[in-house]
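This report goes through selected local features of one protein chain. The sequence and structure come first, and the description follows.

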Amino acid sequence: MFSSHFFRRIFLPYLLLICVATAAVGVFAALRLRDSYLAGTRAKLHNEAVLVADLLGPDLAAGRGAAVEEQARHMGESLRCRVTVVDDDGRVMGDNEADPVSMENHRDRPEIAEALGEGDGSAIRHSATLNTDLLYFAHRFQTADGKTHIVRMAVHLADLDRELRLLYWALALVVLGAVFAGALISFYFARRSAAPVLELSNFAGALARGELNRRLIPSENGEIKHLAGALNTMADSLGRLLAQTNKDRAELLAMLTSMSEGVIATDVKQRILVVNGRAGELLSFPAEQAQGRPLWEVVRNEAILKAAPEVLATHERKAFQVSPSAGRYLEITACTYPTEGIPEGLILVAHDTTQSVRYQELRKEFVANVSHELRTPLTVIKGFTETLRDGAIGDPVTGPKFLATIEKHVDQLTNLVSDLLELSKLEATPELPRRVSFDLCGVVRRAADLLLPAAQRKDQALDVELPRGLPRLQGNPDYIERAISNLIDNAIKYTPEHGRIRVGAGVEADWLFVEVCDNGIGIPPEDLSRVFERFYRVDRSRSREMGGTGLGLSIVKHVLQVHGGTIDVTSTPGKGSKFRMKLPVPPTT
């Protein structure tokens with residue numbers, strides 16, 4: 001297909017020029033043809049009028065009016081035109097298409113008046129008598145008796161127009177033939193002229209589409225050849241530049257993708273140019289749909305939208321905190337990036353400070369909890385010590401009782417410090433200090449046997465149900481035993497006398513699990529999500545009475561985390577609780 005906008009721009013103006021010129025010539029020729037045809041008709045009517053005047057002269061001189069009317073009708077039919085005879089006063093003496101008696105005076109008719117004055121006269125006008133348009137020609141002559149008469153010849157314009165239309169059609173066919181021939185010639189030359197330009201245009205379009213491996217081989221010499229060479233050179237330069245640009249862009253995107261901070265780059269109109277996925281995560285918008293959109297359509301944070309135009313206006317770097325969004329604390333840094341000293345846009349960097357804020361909160365909470373846990377036993381120890389120093393130590397009943405209370409609280413402090421050291425050790429050590437292969441059933445039995453006397457003191461049933469053939473685990477058996485012991489110890493403490501505690505284990509998919517179930521006091525639903533937090537107790541006063549430190553379940557959670565496992569709890573107040581530990585089964589070799 002040989003079609004293009006450039007070809008049309010060449011071909012259509014030439015075609016339009018040919019059409020306009022041919023139409024102008026045709027119109028001019030048609031007008032000249034009409035004038036020529038009318039002039040010929042007038043000449044014909046003049047000759048016929050002279051002939052009619054010669055034939056009617058004797059009858060008019062003799063005063064034979066009837067003969068004049070008869071001759072007018074006869075000659076009108078022979079000549080196929082209207083013949084009217086008028087005397088010098090304008091009275092109609094004969095007419096082949098109307099009754100002379102009924103016709104009005106014709107002296108004021110333009111052609112009659114002109115003939116009376118100049119000898120001949122003509123006009124194209126509407127006939128009031130026949131109610132139609134006619135071409136009139138009047139001729140003045142004198143008869144033998146010296147009187148002046150006018151003979152007027154008239155031809156219906158409808159007949160003239162019919163004959164002119166035939167001539168116009170012939171002229172139109174000639175004009176159309178000339179236009180068609182001119183169009184063919186214009187098409188040929190326009191095609192020949194546009195072909196190399198279109199080839200250049202297609203090549204430029206291919207370059208614009210990124211087809212930089214194409215090259216142009218010009219088929220003509222001269223300026224086209226030089227232009228083709230320049231385009232080929234430009235394609236080489238663009239190819240090298242695009243390769244370098246793609247490399248730089250890939251490196252930039254790789255860096256942005258690997259960043260833990262969210263980055264958004266906009267132009268001066270705040271339209272997003274570059275954005276990484278982390279920015280979408282931190283500011284809660286789909287990063288893959290953000291490029292090219294205005295910043296205010298994507299980011300819904302009021303503080304950021306307020307700071308962006310201020311930074312663009314002042315060109316000053318600004319750092320600020322934004323209110324928590326979706327549970328995150330963010331620090332935003334906004335600055336402009338210039339090109340040749342002129343600000344081109346805005347850079348927004350979002351840093352997630354949630355973990356830092358939570359660490360600060362946890363540290364404050366930890367210090368407060370430790371202070372609270374230490375203060376109570378220390379206060380008791382100090383009070384009883386002062387009482388003993390004041391003389392109660394000599395009392396054989398009160399002295400030993402106070403010493404036993406002091407010993408109890410010292411043991412509580414010792415347990416608290418031991419648990420804190422153990423928890424700190426677990427948190428500070430991402431890897432287990434000792435990892436061996438061990439039998440989970442043996443660890444569960446040792447933990448149950450260790451706590452069986454405590455259950456028997458409360459007349460509780462401690463059932464251990466362990467299947468045979470459980471896979472061996474990889475990890476630290478001492479830590480796992482400590483975790484299971486903590487769960488069984490909690491079950492014993494929070495289960496009333498004569499209660500029942502069940503310890504079981506099994507395999508589920510790729511996990512080994514250990515369950516500790518009891519029918520004790522249970523845990524309220526609002527406390528289930530917090531029981532693994534440090535120092536969190538459902539019933540603080542009862543926990544202290546039983547010697548609890550509030551760190552047992554937190555230690556269990558950290559032991560499982562370093563082993564790649566999890567723990568969950570289900571409980572119903574008044575009916576009991578079930579703790580379920582899950583540990584990954586090591587792959588078989």
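The pairing of β4 with β5 is antiparallel and comprises 9 bridges. Within it, H139 has V151 of β5 as its bridge partner.

β4 also pairs with β3, again in the antiparallel sense, through 8 bridges. Here R125 is bridged to L134 of β4. The residue ranges are 120-127 for β3, 132-142 for β4 and 148-156 for β5.

## Helix α3

Helix α3 spans residues 110-118, and its buried residues are E111, I112 and A115. These lie on the same side of α3, because the arc they cover around the axis is only 100°. The buried residues of the helix pack against four strands: β1, β3, β4 and β5.

On the face turned away from that buried side, α3 carries the exposed residues G117 and E118. G119 follows the helix and has a positive phi, near 105°.

Strand β1 covers residues 82-87 and includes T84. The relative accessibility of T84 is 0%, so this residue counts as buried. Its side chain makes a polar contact of 2.3 Å with the side chain of D95. Apart from neighbours within four places in sequence, the residues in contact with T84 are V92, G94, D95, I150, V151 and R152.

R80 is located in the loop between α2 (65-79) and β1. With a relative accessibility of 77%, R80 counts as exposed, because the cut-off for exposed is over 50%. The C-alpha atoms of R80 and H156 are 9.8 Å apart, while the two residues are separated by 76 residues in sequence.

## The five-stranded sheet

Another part of the chain holds an open sheet of 5 strands with mixed pairing, in the order β12-β14-β15-β17-β16. The edge positions belong to β12 (461-465) and β16 (566-572). Each of these has a single partner strand, so one side of each is left without a neighbour in the sheet. On average, neighbouring strands of the sheet are turned by 15° against each other, direction ignored.

β14 (residues 500-508) and β15 (residues 511-518) are joined by 8 bridges and run antiparallel. In this pairing, G504 has E515 of β15 as its bridge partner. Helix α11, residues 440-457, packs on the sheet and touches β12, β14 and β15. The direction of α11 makes about 175° with that of β12.

## Confidence

The average pLDDT of the protein is 78, and 81% of the residues score at least 70. Over residues 540-544, pLDDT stays under 50. For this stretch the model has 11 contacts beyond four places in sequence. Where pLDDT is low, predicted coordinates should not be read in detail.

Note on methods: Residues are numbered from 1 along each chain as its sequence is written. This is a predicted model: local features need pLDDT of at least 70, side-chain atom pairs count only at pLDDT 80 or more; totals for chains, interfaces and linings use all residues. Side-chain values use heavy atoms; hydrogens and water are left out. Two strands pair if DSSP finds at least two bridges between them. Helices (H or I, at least four residues) and strands (E, at least two) are DSSP runs, numbered from the N terminus. Axes are lines fitted to C-alpha atoms, for helices over the stretch in contact, and angles run from 0 to 180 degrees between N-to-C directions. Contact means heavy atoms within 4.5 Å. pLDDT is the predictor's confidence in each residue, from 0 to 100. Buried means under 20% relative accessible area, exposed over 50%, partly exposed in between (1.4 Å probe, protein chains only). A polar contact is a pair of N or O atoms within 3.5 Å; within protein, one must be able to donate a hydrogen and the other to accept it, and residues adjacent in sequence count only if both atoms are side-chain atoms. The arc is that of the directions from the helix axis to the C-beta atoms.
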